[in-house]
Each structure stands twice: as structure tokens, then as C-alpha cells.
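Below are some notes for your reading of this structure. Please keep the sequence and the 3D view open while going through the points.

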Amino acid sequence: MVITETAQLPRQRGEQLLDAAARYAEERHWDVCPGTWLEAAEGAERCSCDDADCASPGAHPAGPDWAGQATGSGAAARRMWSRHPGASILLPTGRAFDAIEVPESAGFLALARMERMGLSLGPVTHTPDRRMCFFVLPGAAAKVDDLVRKLGWRAASVDLVGRGDGHYVTGPPTRVGGLGAVQWARRPTHANRWLPDAQELISPLAYACARESADARERLS
């Protein structure tokens, strides 16, 4: 039986973080880095960083040198997660890919439009705090503000963010506190190994973000 790449990729639920991290390195050639993790404490779960007010419990870098610890080796990833099996999976941006982050409502709107347009899409994550990250070619983060400005909006005002060098995307199936797990809205497959350029996706993404931003202002008025 021939095992396809899709079959080998991490499942959305139930698979160990160690296996997922190793496969991202081996199958996609993405660098991976273990982040913080969730610990049981007094009948609840808290972040390993010990900050009671942690904004992203169990799903952020464990130290300032996190980017330097990232590895593209599956064997090294297995050793790292063997030490902390519950550690979150951080995927550094600015290396194999950048990411365009948008609100969930705008992301699903744009995703449906892009699929109707027949655009080539890369993987897309969906986080439990209602954000989506569209994977694009490296270098996108530096171009996002200018690309959105040419369309008549400001990226910051419509909540569209470029993630590049020095940033990261949280990889599935990392859990974020009690909110749930990061999932794939579009899973990595052989068909989307070649990522799109930011310029190919920016128009539908910016339009959807601007529309959602305008709707939000109307609801508040």
C-alpha cells in the first residue's frame, strides 16, 4: 500500500505533539521549537511560565532565545519534545514561510472567496482565540503594509498582520489554555507544498478584513 503525504501528516486531534513536531520538520522542512506547556495546579491548568495572567497559556516561547533553539531536524525535535512532551509547537516565520494573520471571521470569508477564485493556497491555521494564519512565501511581512495601503486601507486599522522574521505561528495540535487546540483550516498537503506570494492573497484578505472592521464599527454605533 502506498502511504501518501497527506496520510502521514499530523492529525488534528489525538496525536502526540512530539510526533507532530517531528513530522513538520521531516515532511515540510519547517523549523520547529518547543514552547511553554500546561501544568496541572490546584484542580486547574496553568502555563509553565508561572504567570497567573499569561495571555497565551501553554502556547508561547519559553525563553528569549527560542528562535535560536528551533530545529529543522526530525531527530532533534524528538529529543526536545521527549524532555517536555506537552510543550507547544512554535513554527518560526521568516524562514520557510511567512504568515498573514487575520481575524477568524475575515479569514473564513476570504478563504471562501479565494477558493471560488481558484487561487493556489498554502496551509492555513485556525486558533482557539479566533485568529487565522495564511502561510505564504518568506518576505511577505515586509510587504504587507505597502500592499494593503495600495488597496486603500491601513493594515493595522483592519487588523491584518504580517508575521515574518522574529515571529512565529503556533502549530497544531497545540492547546491554548482552556480555549482548545490550534487546528488546520487548510491542512498541509503535497498540493500546497509550494506557497503563494503575499501579493496573490492580499486583495481578498484585505477586503474581508476591511468589511469585518466596518461591520464591527456599525455594531458599536
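1. Which residue forms a salt bridge with aspartate 146? The partner is lysine 150, and the closest N and O atoms of the pair are 3.4 Å apart. Note that this is a predicted model.

2. Both residues of that pair belong to helix α6, where they sit four residues apart, about one turn of the helix. Aspartate 146 counts as partly exposed because its relative accessibility is 34%. Lysine 150 has 65% and so counts as exposed, the cut-off for exposed being over 50%.

3. The structure holds twelve salt bridges. Another one of them joins glutamate 101 to arginine 131, with 2.8 Å between the closest N and O atoms. Glutamate 101 is in strand β5 (residues 98-103) and arginine 131 is in strand β7 (residues 131-136), so this pair ties together parts that are 30 residues apart in sequence. Glutamate 101 and arginine 131 are buried.

4. Arginine 131 also meets aspartate 159 in a salt bridge, at 2.7 Å from N to O. This pair links distant parts of the chain, 28 residues apart: aspartate 159 lies in the loop between α6 (140-150) and β8 (161-163). At 33% relative accessibility, aspartate 159 is classed as partly exposed.

5. A separate point concerns histidine 60, found in the loop between β3 (44-47) and α3 (66-69). Its relative accessibility is 16%, so histidine 60 counts as buried, the limit being under 20%. Leaving aside residues up to four places away in sequence, histidine 60 touches several residues, including Cys47, Cys49, Cys54 and Tyr168.

Definitions and conventions
Residues numbered from 1 in each chain as written. Predicted model: local features only at pLDDT ≥ 70, side-chain atom pairs only at ≥ 80, totals over all residues. Heavy atoms only, no water. Helix = DSSP H or I, 4+ residues; strand = E, 2+ residues; numbered from the N terminus. Buried < 20%, exposed > 50% of the residue type's maximum accessible area, 1.4 Å probe, protein only. Contact = heavy atoms within 4.5 Å. Salt bridge = Lys/Arg side-chain N within 4 Å of Asp/Glu carboxyl O.
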